[in-house]
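Here is a short briefing on a protein and its ligand. Take a look at the structure first, then read the points below.

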Amino acid sequence: MTFFKNIPSWQLPETAVTSETLYGDRRRFLKSLIGAGIGATATTLLGCQTSQAQSNDLESTFKLPEIKPLPTNPDFRRVDRPITNQTLASSYNNFYEFGGDKSIWRSAQNLPTENWKVEVTGLVKNPRTYDLDGLRKEFSLEERIYRFRCVEAWSMALPWVGFPMKDLMAAVEPTSAAKFVRFTSFYDSKITTGPGFHVGTLPWPYQEGLRLEEMANELAFFAIGIYGRELPKQHGAPIRMVLPWKYGFKGAKSIVKIEFVDQQPATYWNTLIPHEYGFMANVDPTKPHPRWSQAREKFIGNTEQFDWEIRETLPYNGYGEYVANLYA
Ligand code: MTE
């Protein structure tokens, strides 16, 4: 791996799942953007292992207020695997605004979530700006346990709390001209300063997009919580996208703007590396990433340590019955 001095104990042999060490690839790419010779940040070198002192701090980041009541949609009450241990899920994150490695949970605490506003605009009959209370009052919250599959070939199972995206669509009423939706994450270069070597080279803010009918699908979800409590900052507080049939990078975090548009919007990873990260990005075991296979994945389950379990990747991450018709 490019940036790690020692191979951490949780890391699989590189041959176990892929021919590449996925963990380092995107960071390697980001580094290549600005040329060799620029060192990794100190946090990058810390790697993923969480010391005892850190783990106490970590818990304080997810002991947030509970969200109740939680009527659970019966379709999503359980999955075919254990729910991922929260300490692992909340300390192994991708949030490039706060750093180029998985250990951004501490720096993500700088995200200012007070008085959060989400603007819903563009080709809609009822443009709205919601604060968090407004969202919670207007939309019925439920818990959904979804499989979560990162394009880097690791996976989790996570209990999100939130509401279906289609409920928000019903409230704002897209016009017949709306064909796509652009989602924009929070960005302020004074706060979202990581990875340290990127300044001026990356297409911030992080943006993602969906076709209108994808957003209207039953599965498409806005999460404002996880594990029965408000969303920790490292998971994209206070509101993020969850699209379980797509690779995780489609699920933009810390959303500030939702725009209904008539053209396919430019998106962050697709702009950076179009031949590696497509706009559609549906989980597909038969379609390898240019640098690694997607046939299998390393599942992070309900264990204390990173005991990666190798599993077969499921088409559409196991959600074909809900979404395959969108791509017929
Ligand atoms: N959203 C923003 N704004 N910035 C990011 O770097 N990373 C994406 C996605 N959403 C990312 C983002 C990727 S690559 C993944 S796999 C998931 O967030 C990770 O979500 P998690 O950290 O909650 O597991």
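Strand β4 (residues 154-164) contributes the most to the lining of the largest cavity, with 4 residues. Strands here are DSSP runs (E, at least two residues), numbered from the N terminus. This is a predicted model, in which local features need pLDDT of at least 70, side-chain atom pairs count only at pLDDT 80 or more, and totals for chains, interfaces and linings use all residues. Residues are numbered from 1 along each chain as its sequence is written, and side-chain values use heavy atoms, with hydrogens and water left out.

**The cavity**

- The whole structure holds 3 cavities of 30 Å³ or more. A cavity is a set of points, on a 1 Å grid over the protein atoms alone, where a 1.4 Å probe fits but cannot get out; lining residues have an atom within 4 Å of a point.
- The largest cavity has about 290 Å³ of space, a volume being the space filled by probe spheres set on the points.
- It is lined by 24 residues, and Asn94, Phe95, Arg240, Gly248 and Lys253 are the closest to its centre.
- This lining has 14 nonpolar, 6 polar and 4 charged residues. Ala, Val, Leu, Ile, Met, Phe, Trp, Tyr, Cys and Pro count as nonpolar, Asp, Glu, Lys and Arg as charged, and the others, Gly among them, as polar.

**The ligand**

- The ligand sits in the largest cavity, meaning that more than half of its atoms lie within 2 Å of the grid points.
- Around the ligand are 17 residues, with Tyr96, Glu97, His235, Arg240 and Lys253 the closest.
- Polar contacts (pairs of N or O atoms within 3.5 Å) tie in here. A backbone N or O atom of Tyr96 is 2.7 Å from a ligand oxygen atom. For Asn94, a polar backbone atom lies 3.3 Å from an oxygen atom of the ligand. Glu97 places a polar side-chain atom 2.8 Å from a ligand nitrogen atom.
- The protein covers 100% of the 530 Å² of accessible area that the ligand has on its own (Shrake-Rupley method, 1.4 Å probe).

**Backbone exceptions**

- Most residues other than glycine have a negative phi, and most peptide bonds are trans.
- The Trp204 to Pro205 peptide bond is cis, with omega near 0°. Pro205 is in the loop between β5 (180-185) and β6 (207-211).
- The Ala237 to Pro238 bond is also cis, with omega near -10°. Pro238 lies in the loop between β8 (229-230) and β9 (240-242).
- Tyr227 is not a glycine, yet has a positive phi of about 50°. Tyr227 is in the loop between β7 (221-226) and β8.

Conventions: Near = heavy atom within 4 Å. Polar contact = N/O pair within 3.5 Å; in protein donor to acceptor, adjacent residues only side chain to side chain. 1 Å grid on protein atoms, 1.4 Å probe; cavity = no way out; pocket = protein on both sides within 12 Å on 5 of 7 lines; lining within 4 Å.
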